[in-house]
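Trainee: Could you take a close look at the aromatic rings with me? I would like to see how they pair up.

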Amino acid sequence: MLTHSEANFYLDGIKYQSHHFSLPLNYNDHINCDDHKHLLDHVSVYVRELVKDENKDRDLPYLVYFQGGPGFPAMRPSSNTGWLKCALDQYRVILLDQRGTGLSSPITTQTIQHLDPEQQAEYLSHFRADNIVRDAEEIRKHLNIDKWAIIGQSFGGFCSLTYLSMFPDSLLASYITGGIPSITRHIDDVYHATYQRTLDKNSEFFSRFPQAQDLCDRIADALLDNKTVLPNGQIFTVEQFQQMGICFGMAGGQEELYFQLETAFVEVNGQPELSYGFLNYVLGQQAHLTNPLYAILHESIYCQHSASNWSAHRIRENYPQFNHQKGAPLHFTGEMVYPWFFDQLETLKPLKEAAELLAAKSDWPNLYNAEQLTKNTVPMAAATYVNDMFVEFDFSRETLRAIANSKAWMTSEYEHNGLRVDGEKILSTLMSMAEDIKAIQ
């Protein structure tokens, strides 16, 4: 393993230090990490270590943060606030850019366009939670840390359960927020539940904002009747507009979308036209454009020895409300990935064939060890959100019942982004719960 650290800097009383590691792409191949003759045999993995300046000489335990996604880098905090403020009182914090994100061998069309589709698919198949966790474990060993605690938000919670399955002896505690998946169900079960939850969120949105339905229907008609182009030159379609419903799963998302809908039209020579400001907002919400892993691997995070076969696309046919027809009320979709992404979204088009190969891949390895979780000894505290649009609450409860030494805070107070909204309270609550588990072990 090659590693180097960069110069430190300080923000708001926190010391920041960067570390870079060269790690195997495929751990099963036992690649010599010092051999750089084959670039694609390795990934560079970046972590940022944070510690309060007043604690920099103290021997504190470490806490590793696993970001939501998949396909997004760790946060770049500029102040000592939220959950970080709570964490830094007791820990040194490691912010991990999961492989393929941020400064960790980032996956973009630019970085893998030189590969043919088969090579792209093979390469991308090594960027799931199992290898993210193996990366973390190698970094722990390199830093000579006996054990550390982990915190996982959303997909980061999925990674946390993978860590508990694979390397439980390396963990002091596990804190999970909005990220307890089913560890046994087929992906189709996940999307049936997700569509139902998304319908509920649509009903809530259009009840709260009665004018919104007319605005949405007018926008949909404008897209059907006219070729509309986003600022990046991409044709804007009704299907893309529907995807903006992903915001319903976040606190404040419904309000933000409604206020944008209010400004969707401007009058040009006496005729209504979609405004540049609205179109630019739409473009900014299409995270798949800049984070292609979010699209290309999203369904695979639910797959163990089975193919996704575009589950969200297939299951959608059971919910005709989402298949918009002119004259019918528009319904928003949510955090679903569809094959048309790779026909319509400009930066995903070069990855279309690789995406098809990965959707058909049926030999995905296990991500969880159910037997190990039933005898888990690591204190695990989870915040599970009753109205979570992205992670089905009933499936979370099902999983939690099968994990020993776990304790759940089940609440309707927060949406999926609770950690961002009220992180100090949430993490402090989870830390107290973990201490309670330790007390009775």
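Mentor: Planes under 30 degrees apart count as stacked, over 60 as edge-to-face and the rest as tilted. Please keep in mind that this is a predicted model, in which local features need pLDDT of at least 70, side-chain atom pairs count only at pLDDT 80 or more, and totals for chains, interfaces and linings use all residues. Residues are numbered from 1 along each chain as its sequence is written, and side-chain values use heavy atoms, with hydrogens and water left out.

Start with Phe9 and Tyr16, a stacked pair with 4.8 Å centre to centre and 20 degrees between the planes. Phe9 is partly exposed at a relative accessible area of 35%, while Tyr16 is buried at 2%; buried means under 20% relative accessible area, exposed over 50%, and partly exposed in between (1.4 Å probe, protein chains only).

Now turn to Tyr195 and Phe322, which form a tilted pair, 5.3 Å centre to centre with 45 degrees between the planes. Tyr195 sits in helix 6 (residues 187-208) and Phe322 in the loop between helix 12 (311-316) and helix 13 (341-344), so this pair ties together parts that are 127 residues apart in sequence. Helices here are DSSP runs (H or I, at least four residues), numbered from the N terminus. Tyr195 is buried, with 0% relative accessibility, and Phe322 is buried at 0% too.

Finally, look for a cluster linked by ring pairs: its members include Phe205, Phe236, Tyr258 and Phe332.

Conventions. Rings of Phe, Tyr and Trp (its six-membered ring) pair if their centres lie within 6.5 Å; planes under 30 degrees apart count as stacked, over 60 as edge-to-face and the rest as tilted. Helices (H or I, at least four residues) and strands (E, at least two) are DSSP runs, numbered from the N terminus.
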